[in-house]
Amino acid sequence: MPKLPHALTLLLSCAAVCLPAAAQTPLPESVRAALDRAQLPEDSLYAWVAPVEGGPPWLAHQSSALAHPASVMKLVTSMAALDRLGPLFQWHTPVYTDGSHLYVQGRGDPRLVNERLWLLLRQVMAVHGPVVAGDLVLDRSAYAIPAVDPGAFDGEPLKPYNVRPDALMVNQKSVLLNFRPDTARGVARVSSDTALAGVQWPATVPLGGGVCQDWRTGLQLDVTDPTRPRFGGTLPASCGEKGWPLASADPASFDARAIESQWRALGGRLRGRVREGRTPAGATLLAEGLSPALPDVLRDMNKHSNNVIAQHLMLALSPGQPDTPATWEGARAEVQALVQSQGCRDDELVIDNGSGLSREERISARCLGRLLQWAWTQPWMPELLGSLPVAGIETTARRVPSATGRAHLKTGSLNNVAALAGVVHGPDGHRHVVVVMVNHPQAASAEARAVLDAVVGWSLAPR
């Protein structure tokens, strides 16, 4: 990004220190009653409601204080991506040859799923032929980020939401296991949607009795040897057919195993091995895979709250991409500069990986609300709005029945956090921005979520 003019730099610096804290407004009685029912103190609530076109807020409660937004932080990443990258942005995954080896150059595409990998390798084979005389080389040099234990956040390394960013990311390093009961034989047949070279899943697991409750724990999955996973338990026959998404127990080898398996399944042969390496200068481009355009990726990310996509999108904001390796520091600086340029103080945002799956990320309700007001004025606003779940209807926004069909909202939840933010379409034809976050040890309760709904419901009243 080019350097800011000196005058604008001074203006942004002033915005960080010269803006007064937002004035507070009384809590509506309906919201206060919802807090009482949830047995939550008023200081656990952070809220800001204002007309989408701008103007003073109708509700401002602790609105300048930092709060943990959980996955609502994806809104900030979405707005930064639409502004900096543009709605036509796509990730590229080129494949090169130097006459002997094939080089698959990852550039951060988080939507390189099995089907797109298959199409890319077919294109390569059509140009190159089925035989690789040398090695198949995986180039991950587009990211310069530290390695992180996938279980570090919550001790759940096999949860797909904990998969860590990688410049080359096949199928988000996860598989979907399918369990199909065969009651006549007393087993459930096991299949995986992703073939991995050298990895063999059990063909069956015994069926058991009892009710279908915590059936995943009952299977007693053992991945001590990631190439030979085992089940030590049973699947209750009452469960019927089940699917289990699982992150790889050996993420470092996942891409190599998936690509080798796909290449061989297409009839290809490999005389060398699959290894890590850099693409040499002067290598010949054979084919290039393209991700879906940014609006499609945002829908996947926001409607399903996909942390992997959010973190890859954040890294795409790092200056110099795709020619310079992406860093977290570069991406954070880019987002901070954008946020401050739209009237947020520098103490109103703490950005980490842009997904909300972080213990550090914080934002004020006022700052996020101001950003949404700014987004409303941008030509890419329809793309942002279309990426958000519809209240009362889609995914986690179904928990907001007071505005069924009348709001586009991103929700977020973690231990101690319940949050939502977006645009509400009032019955009088006017639209407004709503940001509400609850930070409290009991935030996961249904009563705490009802507080969020109470704020949205109150915002629908005519004014």
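A residue is called buried here when its relative accessible area is under 20%, exposed when over 50%, and partly exposed in between, with a 1.4 Å probe and protein chains only. The structure is a predicted model, in which local features need pLDDT of at least 70 and side-chain atom pairs count only at pLDDT 80 or more, while totals for chains, interfaces and linings use all residues. Residues are numbered from 1 along each chain as its sequence is written, and side-chain values use heavy atoms, with hydrogens and water left out.

Aspartate 255 is buried at 0% relative accessibility. Its side chain meets that of arginine 140 in a salt bridge of 2.2 Å, N to O. Arginine 140 lies in the loop between β7 (136-139) and β8 (174-182) and aspartate 255 in helix α6 (residues 251-265), so the pair ties together parts that are 115 residues apart in sequence. Arginine 140 is buried as well, with a relative accessible area of 16%. A salt bridge is defined as a side-chain nitrogen of Lys or Arg within 4 Å of a carboxyl oxygen of Asp or Glu. Helices (H or I, at least four residues) and strands (E, at least two) are DSSP runs, numbered from the N terminus.

A search of the whole structure gives 21 salt bridges. Another of them joins aspartate 352 to arginine 332, with the closest N and O atoms 3.0 Å apart. Aspartate 352 sits in the loop between β18 (349-350) and β19 (362-364), and arginine 332 in helix α9 (residues 328-341); the pair links distant parts of the chain, 20 residues apart. Aspartate 352 is buried at 19% relative accessible area, whereas arginine 332, at 22%, is partly exposed. A salt bridge of 3.9 Å, N to O, is formed by the side chains of arginine 345 and glutamate 348, and both of these residues are buried. Salt bridges with shared partners join Arg140, Asp166, Lys173, Asp255 and Glu276 into one network.

The next topic is a sheet. An open, mixed sheet has 5 strands in the order β16-β7-β5-β4-β17, where two strands pair if DSSP finds at least two bridges between them. Its edge strands, β16 (274-276) and β17 (284-290), each pair on one side only. Strands β7 and β16 run parallel and share 3 bridges; leucine 138 has glutamate 276 in β16 as its bridge partner. Helix α6 lies across β5, β7 and β16, at about 140 degrees to β7. Helix α4 (residues 114-128) lies across β4 (92-97), β5 (102-105) and β17, at about 160 degrees to β17. Axes are lines fitted to C-alpha atoms, for helices over the stretch in contact (heavy atoms within 4.5 Å), and angles run from 0 to 180 degrees between N-to-C directions.

Helices also pack on each other. Helix α3 (residues 74-84) and helix α7 (residues 294-303) meet at an angle of about 180 degrees, their axes 11 Å apart. That makes α3 roughly antiparallel to α7, with angles under 35 degrees counted as roughly parallel, over 145 as roughly antiparallel, 65 to 115 as roughly perpendicular and the rest as oblique. Lys74, Ser78, Ala81 and Leu82 of α3 make the contact with Leu294, Leu298, Met301 and Asn302 of α7.

Strand β1 (residues 45-51) is mostly covered, with 7 of its 7 residues buried. Its antiparallel pairing with strand β22 (residues 431-439) has 7 bridges, and alanine 50 stands opposite valine 433 in β22. Strand β1 also pairs with strand β2 (residues 59-61), again in the antiparallel sense, over 3 bridges; here alanine 47 stands opposite histidine 61 in β2.
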